[in-house]
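I opened my notebook to jot down what I looked up here. Here is what I'm working from.

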Amino acid sequence: KINEGVEMVIKPELIIIISTLGFDSLYKTIDSIMKHKENRNIEILVIGKLKKEMRENLGKNKLIRFFNVHFPEGDLSNKRNLGMKEAKAEIVAHIDDDVVLTSNWFENGLRHFKREKVGSEKNIGIVSGENIGIVSGPGKIPRRGSSFLSGLFGNSLSSLGAGKNVRNRYVGGDKIEIDNEGDKVIGCNMMMKKELVDKVGGFNP
């Protein structure tokens with residue numbers, strides 16, 4: 001484990017876990033986090049093998065903790081489980097290393113958990129957002145700012161014939177019911193309660 005971060009004295013509002021293969025797109029992902037986090041108390045866990053140059057460059061950011069690991073089997077799930085174990089916050093986000101956050105990403109995700117605390121929403125466990133661009137998931141068919149082609153793909157994949165068991169990843173709407181099939185939320189863009197993941201024993205490798 002390579003830890004170039006600093007100890008968080010106050011528990012962060014949000015931990016962002018990025019399970020990576022060390023692609024250069026990770027730079028844009030980190031830049032978008034820093035651009036839109038405003039004054040929020042967050043921590044970023046980068047989990048995966050990185051080139052020395054990338055690790056040194058990103059190591060200048062004191063909000064990042066590094067875990068220089070690779071698992072021969074179940075790599076993604078095991079990286080996420082390591083991140084969940086290390087996370088010291090009630091709410092944890094998982095994003096891919098090629099995701100670029102929009103300006104309202106933090107507010108759109110965290111507001112549901114805040115509303116639950118005051119009783120205006122119930123049973124919030126996982127919040128999954130939409131993608132803008134060519135559809136690969138998760139959650140909803142892209143709308144604002146998306147291209148005609150991405151909408152076409154989303155509508156096609158939301159059908160039972162094309163999407164089959166994963167169709168709910170592309171269905172529009174504010175909420176979906178999640179059962180134990182594990183097929184309705186894609187992990188490239190989601191926030192969740194840490195206690196929920198702990199209760200179910202983590203991600204299945």
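This is a predicted model: local features need pLDDT of at least 70, side-chain atom pairs count only at pLDDT 80 or more; totals for chains, interfaces and linings use all residues.

What percentage of the 205 residues in the chain do buried residues make up? I got 46%, where buried means under 20% relative accessible area, exposed over 50%, and partly exposed in between (1.4 Å probe, protein chains only).

Residues are numbered from 1 along each chain as its sequence is written, and side-chain values use heavy atoms, with hydrogens and water left out.

**Entry: the fold**

I looked up the secondary structure and found seven helices and six strands in the chain. These are DSSP runs (helices H or I, at least four residues; strands E, at least two), numbered from the N terminus. Along the sequence the pattern reads β-α-β-α-β-α-β-α-β-α-α-β-α.

Next came contacts, meaning heavy atoms within 4.5 Å. Among those in the chain with a separation of 6 or more, 66% are between residues 24 or more positions apart.

**Entry: salt bridges**

How many salt bridges does the count come to? I have eleven, each a side-chain nitrogen of Lys or Arg within 4 Å of a carboxyl oxygen of Asp or Glu.

One of them joins Arg40 and Glu107, at 3.5 Å from N to O. Arg40 sits in the loop between α1 (25-36) and β2 (42-47) and Glu107 in helix α4 (residues 105-117), so this pair ties together parts 67 residues apart in sequence. Arg40 is buried at 14% relative accessibility, while Glu107 is partly exposed at 36%.

I also looked up Asp75 and Lys79, whose closest N and O atoms are 2.8 Å apart in their salt bridge. Both lie in helix α3 (residues 75-86), four residues apart, which is about one turn of the helix. Asp75 counts as buried at 15% relative accessibility, and Lys79 is buried too, at 2%.

Then there's Asp96 with Arg80, a salt bridge at 4.0 Å, N to O. That pair links distant parts of the chain, with Asp96 in the loop between β4 (91-95) and α4 and Arg80 in helix α3, 16 residues apart. Asp96 is partly exposed at 26% relative accessibility, whereas Arg80 is buried at 11%. I also noted one network, in which salt bridges that share partners join Glu38, Arg40 and Glu107.

**Entry: rings**

Arg80 turned up again, over the face of Phe203 at 5.6 Å from the ring centre. The rule asks for NZ of Lys or CZ of Arg within 6 Å of the ring centre and within 35 degrees of the ring normal.

For ring pairs, the count comes to one aromatic pair. Trp105 and Phe106 have ring centres 4.9 Å apart and planes at 85°, so I wrote down edge-to-face. The rule takes rings of Phe, Tyr and Trp (its six-membered ring) with centres within 6.5 Å; planes under 30 degrees apart are stacked, over 60 edge-to-face, the rest tilted. Both Trp105 and Phe106 are buried.
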